[in-house]
Amino acid sequence: MKVAVIGAGKMGVWFAKFFERKGYDVILADRKKEKLEVQKDLLVDLTTSFQEAVQDADLIQLCVSINAMEEVVKAISPCLHEGQVVMDICSIKEAPVKTMHQYIKGATVLGTHPVFGPGSNGVKHKAYVLTPTNAKEQEFAEHFKQGLEQEEAHVFVMTPKKHDELMSVVLGLPHFLGLLACETLLEQKNLPETKKVAGTTYRMLFTLAERRRWKHPISTQRVQTNLSTWEEIEDLFMAKAQELLTLIKSKTKKQSSTAMEHSKKKLAPPTATFADSYDVMVQNA
């Protein structure tokens, strides 16, 4: 089986290594020659031509940003044919899947979202979302799902719309919280001292805030503005924050305690795993 990985960024290199370890014949493509130069130690073929990479490939893995999707898909579409499969890995799914359907007429397309970063050592215990939209895509998704599950990945199959609704919470809310925490902490004059006396909870908050500097602001903005229900989540968060702030300022212990107990009852049991909670969320959504 021949796999073409389009895009030699961190995730593109990750997938090139992933497919190479599975014994596939892999070709990694990027228009920037300098990106390929640093990957010469990889046991894969390298090319600056997307068309060359995809023409004989059985599977094409698109590892490009959402803003580059349309340009790349338009460039490779004339070279695609029946029997090939094209997958993307964007963090949102409705827009990329629509783009692939618009330009790709012969090959099968499948929207996917590996919910992990390039630092991951394989897919074991990682969430992986597949978003087929028709019977042909569903058939390949089931085949791909079985392969991922053999490596102990947690695979979820849903529509692109359902995926984006869930990611409004899973991605949008943490991004927003991290940005708020970062901006708030940077205003603290004694920030270095707080780290020295920090406990587990504060360190978790600081880690969330610190991760903002590793996220490209334009990339984060594009993800959030393309998430279908993000504005609803943002409005709900602001309303709940104001509600809680009002309770705390009122200094009414009974009301504050009642609100906290109400939240506590809604939470999953402490023994529940992330996979269990995610599975329940998908089933009940």
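Predicted model: local features only at pLDDT ≥ 70, side-chain atom pairs only at ≥ 80, totals over all residues.
Colleague: How many disulfides does a search of the whole structure find?

Modeller: The general idea comes first. A disulfide is a covalent bond between the sulfur atoms of two cysteines. Here the search of the whole structure finds zero. Take Cys90 again: its nearest cysteine sulfur belongs to Cys63 and is 9.3 Å away. Cys90 is therefore in no disulfide, since the sulfur atoms would have to be within 2.5 Å.

Colleague: And how does Cys79 count, as buried, partly exposed or exposed?

Modeller: Cys79 counts as partly exposed, because its relative accessibility is 24%.

Colleague: Now strands. Which way do the residues of β6 point?

Modeller: In a regular strand the side chains alternate between the two faces of the sheet. In β6, Thr108, Leu110, Thr112 and Pro114 point one way. Val109, Gly111 and His113 point the other way. All of these residues are buried. That is seven of the seven residues of β6 (residues 108-114), so the strand is largely enclosed by the rest of the structure.

Colleague: In which sense does β6 pair with β5, and in which with β7?

Modeller: β5 (residues 85-88) and β6 pair in the parallel sense, over four bridges. Asp88 has Gly111 in β6 as its bridge partner. To get from β5 to β6, the chain passes through helix α5 (residues 94-103), and this β-α-β crossover is right-handed. With β7 (residues 127-131), β6 pairs in the antiparallel sense, again over four bridges. There, His113 has Val129 in β7 as its bridge partner.

Colleague: What about the loops? Where is His125, and what is its phi?

Modeller: His125 sits in the loop between β6 and β7. Its phi is positive, about 65 degrees, although His125 is not a glycine. Glu152 also has a positive phi of about 65 degrees, and Glu152 is not a glycine. Its place is the loop between α6 (135-150) and β8 (154-157). Glu152 is partly exposed, because its relative accessible area is 40%.

Colleague: Next, helices. Which residues of α4 are buried?

Modeller: An α-helix has 3.6 residues a turn, so residues three or four places apart point the same way. In α4 (residues 69-76), the buried residues are Met69, Val72, Val73, Ala75 and Ile76. Seen down the axis of α4, they fall within an arc of 160 degrees, so they line one face of the helix.

Colleague: What covers the buried residues of α4?

Modeller: The cover includes β1 (2-6), α3 (50-54) and β4 (59-62). It also includes β5 and α5.

Colleague: Last, the aromatic rings. How many aromatic pairs are there?

Modeller: A pair of aromatic rings is described by the distance of the centres and the angle of the planes. The count here comes to 11 aromatic pairs. Phe15 and Phe18 form an edge-to-face pair, with 6.1 Å centre to centre and 85 degrees between the planes. Both lie in helix α1 (residues 10-21), three residues apart, about one turn of the helix. Phe15 and Phe18 are both buried.

How values were computed. Residues numbered from 1 in each chain as written. Heavy atoms only, no water. Phe/Tyr/Trp six-rings, centres within 6.5 Å; stacked < 30°, edge-to-face > 60°. Helix = DSSP H or I, 4+ residues; strand = E, 2+ residues; numbered from the N terminus. Buried < 20%, exposed > 50% of the residue type's maximum accessible area, 1.4 Å probe, protein only. Pairing = 2+ DSSP bridges. Right-handed = clockwise from strand over helix to strand, strands pointing away. Arc of directions from axis to C-beta. Contact = heavy atoms within 4.5 Å.
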